[in-house]
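Please load the model in your viewer and keep the selection panel at hand. The stops below are meant to be followed in order.

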Amino acid sequence: MKKREINIGILGLGTVGQGVLKVLQENREFIEQKIYPKKIILKKIADKDKSKVLPDKGLYKIFTDSAEQVINDPEIDIIVETIGGFEPARSLIAQALKSGKHVVTANKEVIAQAGYEILSLAQKNKVHFLFESSVASGIPIIGVLSHSLTSYKPREIIGILNGTTNYILTRMSEDGSDYEEALKEAQEKGYAEADPSKDIDGFDTFNKIFILSAIAFRAKINLDNIYYEGIRNISKLDIEYARELGYTIKLLALAKNKGEELDIRVHPALIPQRHTLANVGGAYNGILVRGDGFGDLIFSGPGAGALPAGGMIVSDIIEIIRNFDSYNNNYNYFEVKKVKDFKETHSSYYLRIRVKDRPGVLAEIAGSFAQKEVSFLSVIQKGEAGEVVDIVFLTHLAKEGNVQEALKKVACLDCVVKICNAIRVVDI
Ligand code: HSE
């Protein structure tokens, strides 16, 4: 007789875990229509904080501060891991899979750093391991890449994958807030990670673009070869100058399938104001998937928050229950691919350089760049003439390594006070 009651255990009752509870409670009828005649039973919930305040009195009866107790409960069929961070989450997931339980997680760090092993562990034990909400919470992009776009190869993914940094950049750009103010608001709204440096320094986006690249390109990738950089150096001035030039600054994740190699990286970028992605604001995420056959597909939606993430986790639970009696492996093919050496990639640049305001400066700077085969598309002097002045350059496409070497040289010129910023331009 087929099992009718599917028991769930939740590990971690932070923002996302509580989101799962809420979705299960509020949408029970709608959820059960999809899994009929099966039902979801919330069997145990765990959080290491013994004094966790729970949203419903009844939940205290199934609450424990021991994750082990949940994993070792032989009646639990599906474990939801919403602890976050690498350990102990990775070990708990592995333990659950080994004991024959299906696992759903939102944990991008675990998937990015140990995803291939975990997927083979799941396969070996013939259980499901699903992770839709690990990337762009509310946008079902993993489902799109693994279930829907299976007949044409995606060639390129361009994404705004971090709600916190997008919120900060949007606030800086729209109301002239400063960086600290905008970060504080993002944290208050629950978008930022516990340690906001993971968002700000691009680590969160790096994990997410790795996951998308692995799935879209069916690739086995060495994570360590992916370059990432965050938004700490972006100033209001750069945002303003970029706007005057027709661009918006976003933290972008880029992944291009170049056949033998993949060009994958994360860095802030100037993108054309008129592009749809430039208008993905606040904590929203935006993802462009470009491919032969389907052209450009653009998705946008909430990239963080309890309900978007909780909702996608529950969708994964539903998918497992719908396939409960017949196991099939969704991730059966990964080909080893090399990540292109970042120094060998090509970008155009926005450069803001503070110089002593005297004749011959431009020629000197242009000369140093020319020696490294970096040429300028346009040059604008900003602000009033004075002792020092900022000059903004836009370059043609140039090799990353060459631009970096040229910048080092230029920084040493007597006429240069400071390289204020160097941001790549991406003409999507
Ligand atoms: N901290 C993440 C963000 C949310 O700001 O996008 C979860 O991925």
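Begin by selecting Pro-37, which is placed in the loop between helix H2 (28-35) and strand S2 (residues 39-46), where helices (H or I, at least four residues) and strands (E, at least two) are DSSP runs numbered from the N terminus. The peptide bond that leads from Tyr-36 into Pro-37 is cis, with omega near 5°. This is a predicted model, in which local features need pLDDT of at least 70 and side-chain atom pairs count only at pLDDT 80 or more, while totals for chains, interfaces and linings use all residues. Residues are numbered from 1 along each chain as its sequence is written, and side-chain values use heavy atoms, with hydrogens and water left out.

Next, select Lys-43 and Asp-73, whose side chains meet in a salt bridge at 2.9 Å, N to O; the term stands for a side-chain nitrogen of Lys or Arg within 4 Å of a carboxyl oxygen of Asp or Glu. The pair links distant parts of the chain, 30 residues apart, since Lys-43 belongs to strand S2 and Asp-73 to the loop between helix H3 (67-71) and strand S4 (78-81). In the whole structure, a search finds 33 salt bridges.

Move on to Pro-88, found in the loop between S4 and helix H4 (89-98), and check the peptide bond from Glu-87 to Pro-88, which is cis with omega near 10°. Then select Lys-126, in the loop between helix H5 (108-124) and strand S6 (129-130); the phi of Lys-126 is near 55°, a positive value in a residue other than glycine.

Now turn to the ligand. Which residues are around the ligand? With a heavy atom within 4 Å as the criterion, they are Lys-108, Asn-162, Gly-163, Thr-164, Tyr-191, Glu-193, Asp-199, Asp-204, Lys-208, Gly-303 and Ala-304.

For the polar contacts (pairs of N or O atoms within 3.5 Å), display the distance of 2.7 Å between a ligand oxygen and an N or O atom in the side chain of Lys-108. A polar side-chain atom of Asn-162 lies 3.4 Å from an oxygen atom of the ligand, and a polar backbone atom of Gly-163 is 2.7 Å from a ligand oxygen. The elements that give two or more residues to the shell around the ligand are helix H7 (163-175) and helix H10 (203-216).

Terms used: A polar contact is a pair of N or O atoms within 3.5 Å; within protein, one must be able to donate a hydrogen and the other to accept it, and residues adjacent in sequence count only if both atoms are side-chain atoms.
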